[in-house]
Amino acid sequence: MLSGISKLIKPELFMIKKFDASLGVLFAVFALGFIGPLLYQVQPTAVAGPLEAPPSRQFPLGTDAYGKDVLAQLIAGVRGSLQIGATAAAISLLIGVIVGLIAGYKGKLVDNLLMMLTDIVLLLPSILLMILIAAYFKWRDPLLVSIIIGVTSWPWVARAVRSQTLSLKNREFVNLSKMAGLSDFQIVIRDILPNIASYIFMAYVLLMSGAMIAETGLSMIGLGTTQGLTLGNILFWAQVLEAVRRGLWWWFIPPGATLVALAASLLMLATALDEYFNPKLRGS
Amino acid sequence: MPEPLLLGLDLRASYRLRLGEVKAVDGVDIEIPRDSIVGLAGESGCGKSTLINVLLANIRPPLVLKSGRILLDGLEILGISREEVRKKVWGVKVSIVPQSALNALNPTKRIIELVKDAIRQHTPASDQEIISLCKRRFEELNLPFDSVYKYPHELSGGMRQRVIIAISTLLNPRLLVVDEPTSALDVSTQKQVLKMMVDMKKEGIIDSILFVTHELPVLRQVASHIYIMYAGKIVEYGPADSVFFRPLHPYTKALMYSVMTPEPESRARGLVTIPGEPPSLLMPPQGCRFHPRCPYVMDVCKKSEPRLVPLSDERGVACFLHHGESVN
Amino acid sequence: MATISPFIIYILRKIVFIVATFFIFLLIIFALPRAIPGNPVAALLTQIFQQAQANPDTVKAVYRKFLEEFGLTKPLHEQLFDFLSRLMMGDLGTSIAFYPRKVAELVASYLPWTLGLLIPAILVAWALGNLLGAWAAYRRRTKVDNALLPVFLVLSQVPYYWLAMILLYVLAVTARVFPVAGAYPPSMSPSLTPAFVLAMLHHYTLPFLSIVIVAIGGWAIGMRVLVIYELRSDYVEYSELLGLSDKRILGYVFRNSILPQVTGLALSMGTVMGGALITELVFSYPGTGYLLFRALSTLDYPLIQGTFIILVSTLLAANLIVDILYAYIDPRIRVSYVGE
Amino acid sequence: MLEVRNVSKVFTVGLFSRHRIEAVKNVSMSVRKGEIVSLVGESGSGKTTLCRIILRLLEPTSGSVIYDSVDVTKLKGKKLKWYWSRVHGVFQDPYAAFHPFYRVERILYQGFNLLPRLDEGEKKRRVYEALKSVGLKPEEVLGKYPHELSGGMRQRVAIARCFILNPELIVADEPVSMLDASTRIGIIKLFSDLRDRFDSSVIFVTHDLGLAYVVSDRVLIMYKGVIVEEGDPVEVMERPSHMYTRRLREDVPLLYRKWEGF
């Protein structure tokens, strides 16, 4: 199966400009989060210098209202956000794919019930659900935040996986596998899953960008993680301590810009992959 | 000899793709006489859909016209702007009945709206005039007139097909091009649809029909002339009866043998096979394009390409076996 | 077969579904404080009770009221019954932070600001986004599309509140073109005088723009893809070969592509609302977002619940309206199917 | 050998099943050893549904399918595998029959799942032999991905699975309707080869009256979920008894005769 997937990735993919550009941006942001701490060894949580210092040679992104280094916070925040984004996306994906596969493959009553559930969760706005759930937890570690985001953002994945499964399960190769005595589980794993692999990958990318934005939203309203730093956390303190009205632009622009760069490049990556896997969009 | 309705000369058109150039129509000459039903037969991927687009002067990237002239009812239709084609050709000189009747109508408009839009592009007419024109035509064709006030999804597949034929011919175009329109219909509806088109020609609503299909029995019922296309080229043409009963090109023969109909002749013939499959237009074989599958292949076939040679006033074949013959 | 029009059936189904969704949402609201380990509401009650020495009378009153409303001592099914019957009578409980004000009344006074901000912003963004997206699709493979698409992509990923921060910083703090906070000047009291309306619009501009600009991106991306697909459909080709002009055909395509966007409108409202709530914080705009933030920071659970119930019912109602509208404009739903 | 008894299939659409579609209505039929039977019907006649019920890919709403004196609609597990090794199917779409991620021989090796254990060498030998039997050169096919083969070649590979299993009955659902005219006969011929070699029976499910007439020993005409006529092909074509068959016979375009009034 892996050799099959790797066969789908051809040099042509790199001819899509959007793909290259988004990979470049992603690489830069990842480097900031993961190589950054090695090059810039300043404690993000310690008071590092004067209060509210604008960017300078010593503090490339200045300091906040407590005198903490913004660049150091940004580096830690990127990692925190990526971590939550990746975990939350994995949780949503798992729920969405399992629900979608079962609903699509089993059909009938199971399908009807699961889709009703999916539609209900879809209709209830995920960000409101997240806020509501998070409100009841006093302490929220990154895993809890990821779970809260994950359990509220899966419905559209479930719907898409279901509809793809539905169209795949009556394909003749599935019938041929069935007639060869393969079990339902084997068919789902070997025949159906590989066909939606490209979609699953795109969904993951989109979920991740969505989850990071959701995390920031939760943080902004005061319900983000209570442990460690994320981009949302930085923005929250900047907002609470009136960074905007007091003109401390270096405090809120870089974390937001980093988030936008991350989310937009993930979306662009998904768009590029979509063009690659669905040539219909690319033009005749 | 009277001037034909459509004369296409040296038509060449290709798709420019990343993988290379696909010569889908590669040097085709075609003639559609007035008052005729011309059948164009060929298998999938032989270039017949592309040829339709060329004959309609509907050429858009990635399709590129390499050469050719088309004279349609006294008008040169290649080399004029798309705008001009739209005004002077489509709907008035030539109309198409598209392959998929299911999706050819705008799903959110009542049929009458499309009719109004289509007619007003060509002539200024009041609603009243359009409706009465429509009504008259629907009555002539035995179609229930109230269907024009419906949305496409309210009509059955066969009905939609017939309504499309009526719409395409509202302005009495001289030529009707029909692209495999019957393959999705059940045989009884198919017969009605065919009858409807034949009658339209008889009544002079249209002059001629170009009928493109891979189903030879259908052509046998309606066509007066036949063109056989293989791998981007015409390999044989002639009056229908003559081509059906004395096919000359080995490919035409193979095609005839592959037809199974519920007739004693067909059962008596049994299963006659030819090897191989139609070639890819991206890399057609050298020499005669049929030579790798041909039971009569000669050395010359592998090296040079046979030209389409007229054997009489009406018949022609592109095969070395028959060069130098003449047929009456 | 009975001849109920499919339009009516469609709408009835939607209503049943939306009511069911609302009921399930109420169950979630009910279950959350009771299901989470270490019951946060009970913990809060104990905390309040322990502080009772500080200001005995008020706190005791709050405590009693609160205990009664949540009814934590009763069996679960009675709690649920109480909860639902209170709701039926429009009683959302009493706020702790704004004691003794009722939650319903509080939310009602903040909701108009939120809706006044959201509804116009959503509609304007929807219209502009669709037009821009259709334009980009029409000019596909040209400079227009190549320039617009990345802008849409990036915009769609900008959090509303971050753009709000930037606009606030640039246009209010630095350039001083717009006010820095609130929905109207603190010196004025709400009235229908021209001066007040003008001042209100002045305060309204930035929050409105920050929502519209971001939301345009998402709509435009969606519409662009829809139009591109639609332009390839068979009816476009056939209409063209009937001699129809590009203008006519684009009209068809635009109309058909906008239909799924109407359904999209229903689904996206929640997301926009979520973003807008936080945008209100940035502008200190006195809407439900601001109220919710207060409730969250004081752990005022009755107020939190009440705000959510109102917000979600508003959203579901809006959803229903959009669905009905959709059924009306799409003939495939409106007109009965009588084919084969 | 195989008998379909009073089989019906009703599809319901939607949770509250407002629409009921009766695809197959109380159909009975049987197949004898070494016989080629055609099941002819137009789209919506229920022929594909019936074929899937026989192949046990669908469960009937009522009725039974008896093979070797067992009702196969109830089979599970090992017994079901045994049934599939005796009764096997070939489908319409040679593109959809192959999973794009796997090499084409996958569907052949899958077949061994239904047979008693064989060692790898023996499996390979049988795959080679089967490919040769369907007119393919093993070395040109093995290791290829489906998109590297033409439609006709793929259909041959799909049929090769039957040469490995040599089942008693092959149910072929429109096996040539998506192939080019000039390659069709070659594929049809493979089924008569299977019959000649293994004495297998074949059910051709087809919309093509001509195909049924030319190749089969017996034809069944299906219309709106019911088998309306059955018999010797020459008999049925020349003296159709049911209204529908008569209409079909009249409306199918022929090659050697022309319709009147055209």
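Contact here means heavy atoms within 4.5 Å. Helices (H or I, at least four residues) and strands (E, at least two) are DSSP runs, numbered from the N terminus. The model is predicted: local features need pLDDT of at least 70, side-chain atom pairs count only at pLDDT 80 or more, and totals for chains, interfaces and linings use all residues. Residues are numbered from 1 along each chain as its sequence is written, chains are lettered from A and ligands numbered from 1 in the order in which they are written, and side-chain values use heavy atoms, with hydrogens and water left out.

Chain A contains 13 helices and 0 strands. Its C-alpha atoms fill a box of roughly 75 × 45 × 30 Å along the principal axes. Within chain A, helix α4 (residues 70–106) and helix α12 (residues 249–277) cross at roughly 30°, and their axes come within 10 Å. Axes are lines fitted to C-alpha atoms, for helices over the stretch in contact, and angles run from 0 to 180 degrees between N-to-C directions. α4(A) is therefore roughly parallel to α12(A). Angles under 35 degrees count as roughly parallel, over 145 as roughly antiparallel, 65 to 115 as roughly perpendicular and the rest as oblique. The crossing of α4(A) with α12(A) is right-handed. A crossing is right-handed if the near helix is turned clockwise from the far one by less than a right angle, and left-handed if anticlockwise. From α4(A), the contact takes Val70(A), Leu74(A), Val78(A) and Leu82(A). Their partners in α12(A) include Trp250(A), Trp251(A), Pro254(A) and Pro255(A). By class, this contact of α4(A) with α12(A) has 9 nonpolar, 1 polar and no charged residues. Ala, Val, Leu, Ile, Met, Phe, Trp, Tyr, Cys and Pro count as nonpolar, Asp, Glu, Lys and Arg as charged, and the others, Gly among them, as polar.

Helix α5 (residues 103–138) of chain C packs against helix α10 (residues 246–283) of chain C at about 140°, with the axes 8 Å apart. The two helices, α5(C) and α10(C), are therefore oblique to each other. Their crossing is right-handed. Residues of α5(C) in the contact include Thr114(C), Leu117(C), Trp126(C) and Tyr138(C). Among those of α10(C) are Leu250(C), Phe254(C), Met269(C) and Glu280(C). The contact of α5(C) with α10(C) comprises 18 nonpolar, 3 polar and 1 charged residues.

Chain C also meets chain A, with 60 residues from chain C and 48 residues from chain A in contact. The buried area is about 4700 Å², and carbon and sulfur atoms give 79% of it. Gln157(C), Trp162(C) and Met165(C) supply 15% of the area that chain C buries against chain A, more than any other three residues. Buried area is the accessible area (1.4 Å probe) that two parts lose on being put together, summed over both. Salt bridges across the interface of chain C and chain A number 0. A salt bridge is a side-chain nitrogen of Lys or Arg within 4 Å of a carboxyl oxygen of Asp or Glu.

The interface of chain D and chain B takes 41 residues from chain D and 44 residues from chain B. These chains, D and B, bury about 3900 Å² between them, 60% of it on carbon and sulfur atoms. This interface of chain D and chain B holds 3 salt bridges. Arg257(D) and Glu263(B) form a salt bridge through their side chains (2.6 Å, N to O).

Over all chains, the whole structure has 58 salt bridges. Within chain B, Arg220(B) pairs with Asp241(B) in a salt bridge (2.8 Å, N to O). Arg220(B) lies in helix α7 (residues 216–222) of chain B and Asp241(B) in helix α8 (residues 240–245) of chain B, so the pair ties together parts 21 residues apart in sequence.
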